[in-house]
Amino acid sequence: MNATSQSPGDHPDGLMDKLVSLAKRRGFIFQSSEIYGGVGSVYDYGPLGIELKNNIQSRWWREMVHGHANIVGLDAGILMNPEVWVASGHVGAFSDPLAECLSCHRRFRTDELTDLEAGRADDQQCSVCGATGKWSEPKQFNLMFKTFMGVVEGESSTVYLRPETAQGIFVNFRNVMDSSRLKVPFGIAQVGKAFRNEITPGNFVFRTREFEQMEMQFFIEPGTGGYWFQEWRAWRMEWVRSLGIRPDRLRFHDHGPDELAHYCAEAVDIQYRFPFGWQEFEGIHNRTDYDLSAHQEHSGKKLEYIDPAAGKRFIPHVIETSAGLSRLLLVVLADAYTEEEVDGAARTVLKLHPSLAPVRAAVFPLIKKLGMPEIAEKLAAELRRQHNVFFDVAGSIGRRYRRQDEAGTPFCVTVDGQTVEDETCTIRHRDTLEQVRVPLSGVGQWIAAAVAASPTST
Ligand code: GAP
């Protein structure tokens, strides 16, 4: 086989549109409530999308929780006491300034209105209706979704959908530390939904109003923040690279003083070079004792740590690693999407790391007779004990390969005439297109070994 692909490091033209279309066609991602015309920037994950998301999440959990003796997991509620968000600063400060076009009444973030920001409101044109110079005074717009708890609506029953998972960790700091008998330094990790009423969502699942985060708060002794910040900065990049993401599309972006969030002493983003530019998908933040101190003061409950050896008391400082699961899924998809020519024919293939691929192996009988379907079905059933396996008899073998290439399936196992005679089958590798003959009884092990041996970019 003779395969040529796009030059490494370059995305194919029109990649975002191609991804949206492939994601729908193959069952990765659908627009939410599509039959009703959708709902503002919310997406549903289809059969392949949920497998991919689960695989990314499980690699993160294995790395962060199972891979560290001093990091434990948590699953806190999405709805919390509204005082949490007062203490964290989100009620007061989690907002963007918006100005309204007085002609068409559309609202814009002021940082998108360059003339208005520069004090030339009279020159500022509305990008929707074209009116010039007709702007309201900018107003702060809080990004948290509000809802009501209980049967009576009103300010007293207002609760918020959490805009980050981190606060669920801070308010459980004592519960987890006391019940798990952890000693500083230790971490608490959590994966879950977060909600932000984003003013300018977009770029598919890059910025949505409902999304998932994978966050870890690492509680440390005051004065050690600089050291742990550097450690986590390096470890997180190493992990991202272990997913097989191309290194030339990854970089750090250190926050300057004017970029730092209100709770941060130091921050760095891990960015990916999307087709729409370099953008963050994970942040590492030195949050000092900002959150625990704020919750201690606001709740009146002590959130100190008592060092058992030295006997000293302190409020731990925190290094946070905060990744967007849905945004990382977009990184993984964008990075894997490849267009290439094989023996003169175009093929689209998702070169996903085998540990992330939604379907690990597809099993095909070459033709629907001579006992091949029965053997193939039996093999698929056996492999399912170890791997996520797809069985397909429909269409020519070439079409079946193409469908699995688009799904990112790393291995296609074909039962053919020779199998009936000698109980061997072929395994085709998605990326190299090489085929090997393997005994039916050894296929499961062969695939497991190939996944374990898959190279990463570290
Ligand atoms: N606890 C800190 C925190 O939430 P953040 O930088 O606001 O920090 C962390 O968010 C990560 O969450 C981002 O790097 C991004 O991957 C993801 N994220 C934030 N807003 C998002 C949105 N509207 N849609 C998808 N992912 C989002």
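Gly49 is buried, its relative accessible area being 1%, where buried means under 20% relative accessible area, exposed means over 50%, and partly exposed covers what lies in between (1.4 Å probe, protein chains only). Gly49 belongs to helix 2, which runs over residues 47-66; helices (H or I, at least four residues) and strands (E, at least two) are DSSP runs, numbered from the N terminus.

The model is predicted, so local features are taken at pLDDT of at least 70 and side-chain atom pairs at pLDDT 80 or more, while totals for chains, interfaces and linings use all residues. Residues are numbered from 1 along each chain as its sequence is written, and side-chain values use heavy atoms, with hydrogens and water left out.

Stepping back to the whole protein, there are 14 helices and 24 strands. The C-alpha trace spans about 75 × 70 × 50 Å along its principal axes. Of the 458 residues, 49% are buried.

Now for the ligand. The ligand sits in the largest pocket. For the record, a pocket is found on a 1 Å grid over the protein atoms alone, as an open set of points with protein on both sides within 12 Å along at least five of seven lines. A molecule sits in such a pocket if more than half of its atoms lie within 2 Å of the pocket's grid points. There are 20 residues around the ligand, and Glu164, Glu198, Thr208, Glu215 and Glu280 come nearest; a residue is counted as near if one of its heavy atoms lies within 4 Å. Sorted by class, this shell holds 10 charged residues, along with 5 polar and 5 nonpolar ones. Here Asp, Glu, Lys and Arg count as charged, Ala, Val, Leu, Ile, Met, Phe, Trp, Tyr, Cys and Pro as nonpolar, and the others, Gly among them, as polar.

Where does the shell come from? Strand 11 (210-220), strand 14 (277-288) and strand 17 (317-324) each supply at least two of its residues. Strand 14 gives the most, with 5 residues.

Several polar atoms of the protein come up against the ligand. A nitrogen atom of the ligand is 2.8 Å from a polar side-chain atom of Glu198. On the oxygen side, Gln213 places a side-chain N or O atom 3.0 Å from an oxygen atom of the ligand, and a polar backbone atom of Phe281 is 2.9 Å from a ligand oxygen atom. The protein buries 92% of the 550 Å² that the ligand exposes when taken alone; accessible areas come from the Shrake-Rupley method with a 1.4 Å probe, and for residues only the protein chains shown count as cover.

Strand 14 also contains His285. With a relative accessibility of 10%, His285 counts as buried. Its side chain makes a polar contact of 2.5 Å with the side chain of Glu320. A polar contact is a pair of N or O atoms within 3.5 Å; within protein, one must be able to donate a hydrogen and the other to accept it, and residues adjacent in sequence count only if both atoms are side-chain atoms.

Most residues other than glycine have a negative phi, and most peptide bonds are trans. The bond from Val184 to Pro185, however, is cis, with omega near 5°. Pro185 is in the loop between helix 7 (173-180) and strand 10 (186-195). Ser33 is not a glycine, but its phi is positive at about 45°. Ser33 lies in the loop joining strand 2 (29-31) and strand 3 (43-45), and is partly exposed at 34% relative accessibility. Phe204 has a positive phi too, near 60°. This residue is found in the loop between strand 10 and strand 11 and, with a relative accessible area of 8%, is buried.

That leaves the stretch around strand 20. Pro365 is in strand 20 and is buried, with a relative accessible area of 1%. Ile367 falls in the loop between strand 20 (361-365) and helix 11 (372-383). At a relative accessible area of 34%, Ile367 is partly exposed. From Ile367 to Val413, 46 residues away along the chain, the C-alpha separation is 13 Å.

Key:
1 Å grid on protein atoms, 1.4 Å probe; cavity = no way out; pocket = protein on both sides within 12 Å on 5 of 7 lines; lining within 4 Å.
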